[in-house]
Amino acid sequence: MSHYQWPDWPIQDAVRREIDLSSPIANYEQALALNSNNATANRRLGQIELSLGDYEEALSHLLAAYEMTPWDNATRQLLGEAYIVNGQVDDGAALWAGVNNAQDQLQIRAFWPHNIFSGDCNGKAP
């Protein structure tokens with residue numbers, strides 16, 4: 001995320017929606033071709049897919065990451081979001097209940113899809 005600069009981009013997903021991610025995506029896919037259990041590649045690819053609105057693929061990758069690292073806070077947060085946007089609200093809420101939310105990241109994540117995809121904030125958080 002070398003393009004990310006706060007406060008110009010309050011949410012990293014805004015950057016992911018604006019720049020060409022074909023090279024990083026190809027790199028993560030190559031890493032997964034070599035080792036489908038690579039938790040980092042699965043989590044980061046799932047995170048990109050969430051930001052691009054590819055929710056079913058995101059859920060698949062984040063489930064794979066969670067199987068390898070169920071204790072990882074970022075993975076739990078992202079998987080919870082993937083569950084929620086795929087209509088599995090109870091599963092997402094259960095994961096989010098155990099997420100360390102010290103930086104209010106869940107509120108930001110809840111803000112993001114509703115406003116970005118409706119065009120209300122042009123990629124900028126309140």
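What does the accessible surface of the protein chain come to, and what share of this surface belongs to carbon and sulfur atoms? In this predicted model, the accessible surface is about 7100 Å², and carbon and sulfur atoms account for 48% of that area.

**Overall fold**

The protein chain has seven helices and zero strands. The chain has 126 residues, and 37% of them are buried. Contacts between residues at least 6 apart in sequence can be sorted by their separation: 40% of these contacts join residues at least 24 apart.

**The salt bridge**

One salt bridge is present in the structure. It is formed by the side chains of Asp-72 and Arg-43, at 3.7 Å from N to O. Arg-43 belongs to helix 3 (residues 39–52), while Asp-72 sits in the loop between helix 4 and helix 5 (73–85), so the pair ties together parts that are 29 residues apart in sequence. The two partners fall into separate classes of accessibility. Asp-72 has a relative accessibility of 22% and counts as partly exposed. Arg-43 has 14% and counts as buried, because buried means under 20% relative accessible area.

**A patch of negative charge**

On the surface, four residues gather in a patch of negative charge: Glu-29, Asp-54, Glu-56 and Glu-57. One of them, Glu-57, is part of helix 4, which covers residues 55–68. With a relative accessibility of 39%, Glu-57 counts as partly exposed.

**The loop around Asn-100**

Where is Asn-100 placed? Asn-100 is found in the loop between helix 6 (89–97) and helix 7 (105–116). Its relative accessibility is 49%, and Asn-100 counts as partly exposed, since the exposed class begins over 50%. Asn-100 and Arg-76 are separated by 24 residues in sequence, and their C-alpha atoms are 9.5 Å apart in space.

**Accessibility of the residues discussed**

| Residue | Relative accessibility | Class |
|---|---|---|
| Arg-43 | 14% | buried |
| Glu-57 | 39% | partly exposed |
| Asp-72 | 22% | partly exposed |
| Asn-100 | 49% | partly exposed |

Terms used:
Residues numbered from 1 in each chain as written. Predicted model: local features only at pLDDT ≥ 70, side-chain atom pairs only at ≥ 80, totals over all residues. Heavy atoms only, no water. Patch = residues over 30% accessible without salt bridge, like charges linked within 9 Å, V, L, I, M, F, W, Y side chains within 5 Å. Areas by Shrake-Rupley, 256 points an atom, 1.4 Å probe, with all protein chains shown as cover. Lys, Arg positive; Asp, Glu negative; His and termini not counted. Charge placed at Lys NZ, Arg CZ, Asp CG, Glu CD. Helix = DSSP H or I, 4+ residues; strand = E, 2+ residues; numbered from the N terminus. Buried < 20%, exposed > 50% of the residue type's maximum accessible area, 1.4 Å probe, protein only. Contact = heavy atoms within 4.5 Å.
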